[in-house]
Amino acid sequence: MSGFHDSASGSQPYKDPTPLPDSVPRVQELGVTSAPLKSAAFFIGAYCKEYNEDFMLCKNEGRGDPGQCLKEGRRVTRCATDLPSGSIRCGKTCLEQFDAHWNCLELNNQEYYACRKPERTLNKCMFEKLGLTKTIPGTPAGKKQIHEVEKPIYTTVQR
């Protein structure tokens, strides 16, 4: 007969039943929710571009085998934790702007358009202090990036 077992009241700590092989380098996970990741995503993309490209190339060549690209995935994670601002983990460089932006995303259903004001201050800080710019892939040449539009059509209050 099976019964309910509360994992929080277990006498032994959780042990992963499928640990990674020793050939995969260990790296500390970021340990954050989706809002801070979404806030820092474009800066992580700019800072870790080479690692991201290697990972995506591996995934495309892997033909559905996720185990083939674990090392490349760990390199991406390590790069994200090494971002000079520490924006994901401790946020030393632009902490105030970063916190304002991801908290806005958290309160507004993860919608960028609702958080353009704190996003602009974060973008400015990241550019001034780290030289990182937010660039959205696929934006047509000669057209303004959506986050740079002064009076957007989509806002929290529709006109």
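Predicted model: local features only at pLDDT ≥ 70, side-chain atom pairs only at ≥ 80, totals over all residues.
How many disulfides does a search of the whole structure find? The search returns four disulfides.

The protein chain contains five helices and zero strands. Read along the sequence, the elements follow the pattern α-α-α-α-α. Of the 159 residues in the chain, 30% are buried. Among contacts with a separation of 6 or more, 65% are accounted for by residues 24 or more positions apart. The accessible surface of the chain comes to about 11,400 Å², and 54% of this area belongs to carbon and sulfur atoms.

When the bonded cysteines are counted along the chain, the disulfides follow the pattern 1-4, 2-3, 5-8, 6-7. A disulfide is a covalent bond between the sulfur atoms of two cysteines. Three of these links are described individually here. In the disulfide formed by cysteine 48 and cysteine 79, the sulfur atoms are 2.1 Å apart. This link of cysteine 48 and cysteine 79 is left-handed, with -100 degrees about the S-S bond. Cysteine 48 lies in the loop between helix 1 and helix 2 (49–62), whereas cysteine 79 lies in helix 3 (residues 70–81), so the pair ties together parts that are 31 residues apart in sequence. Both cysteine 48 and cysteine 79 are buried.

A distance of 2.1 Å also separates the sulfur atoms of cysteine 58 and cysteine 69, which form a disulfide. The link of cysteine 58 and cysteine 69 is left-handed, with -95 degrees about the S-S bond. Because cysteine 58 lies in helix 2 and cysteine 69 in the loop between helix 2 and helix 3, the pair ties together parts that are 11 residues apart in sequence. Cysteine 58 and cysteine 69 are both buried.

Cysteine 104 and cysteine 115 form a further disulfide, with their sulfur atoms 2.2 Å apart. The torsion about the S-S bond of cysteine 104 and cysteine 115 is about -95 degrees, and the disulfide is therefore left-handed. The pair links distant parts of the chain, with cysteine 104 in helix 4 and cysteine 115 in the loop between helix 4 and helix 5, 11 residues apart. Cysteine 104 is buried, as is cysteine 115.

A search of the whole structure for aromatic pairs finds one. This pair is formed by phenylalanine 42 and tyrosine 112 and is tilted, with 6.1 Å from centre to centre and 50 degrees between the planes. Phenylalanine 42 lies in helix 1 and tyrosine 112 in the loop between helix 4 and helix 5, so the pair ties together parts that are 70 residues apart in sequence. The two partners fall on either side of the 20% limit for burial: phenylalanine 42 is partly exposed at a relative accessible area of 22%, and tyrosine 112 is buried at 18%.

Helix 5 comprises 15 residues (116–130). At 1.5 Å a residue, helix 5 should span 21 Å, and its end C-alpha atoms are 20 Å apart, which agrees. The buried residues in helix 5 are Arg116, Pro118, Glu119, Leu122, Asn123, Cys125 and Met126. An α-helix has 3.6 residues a turn, so residues three or four places apart point the same way. The elements that cover the buried residues of helix 5 include helix 1 (34–47) and helix 4 (95–107). Helix 5 is followed by glycine 131, which has a positive phi, near 75 degrees.

Two individual residues were also examined. Serine 39 is found in helix 1 and is buried, with a relative accessible area of 4%. When its neighbours within four places in sequence are left aside, serine 39 is in contact with Phe98, His101, Trp102, Leu105 and Leu122. Threonine 135 is found in the segment after helix 5 and counts as partly exposed at 47% relative accessibility. Threonine 135 and alanine 46 are 89 residues apart in sequence, while their C-alpha atoms are 8.2 Å apart in space.

How values were computed. Residues numbered from 1 in each chain as written. Heavy atoms only, no water. Helix = DSSP H or I, 4+ residues; strand = E, 2+ residues; numbered from the N terminus. Expected span 1.5 Å × (residues − 1). Buried < 20%, exposed > 50% of the residue type's maximum accessible area, 1.4 Å probe, protein only. Contact = heavy atoms within 4.5 Å. Phe/Tyr/Trp six-rings, centres within 6.5 Å; stacked < 30°, edge-to-face > 60°. Disulfide = S-S within 2.5 Å. Areas by Shrake-Rupley, 256 points an atom, 1.4 Å probe, with all protein chains shown as cover.
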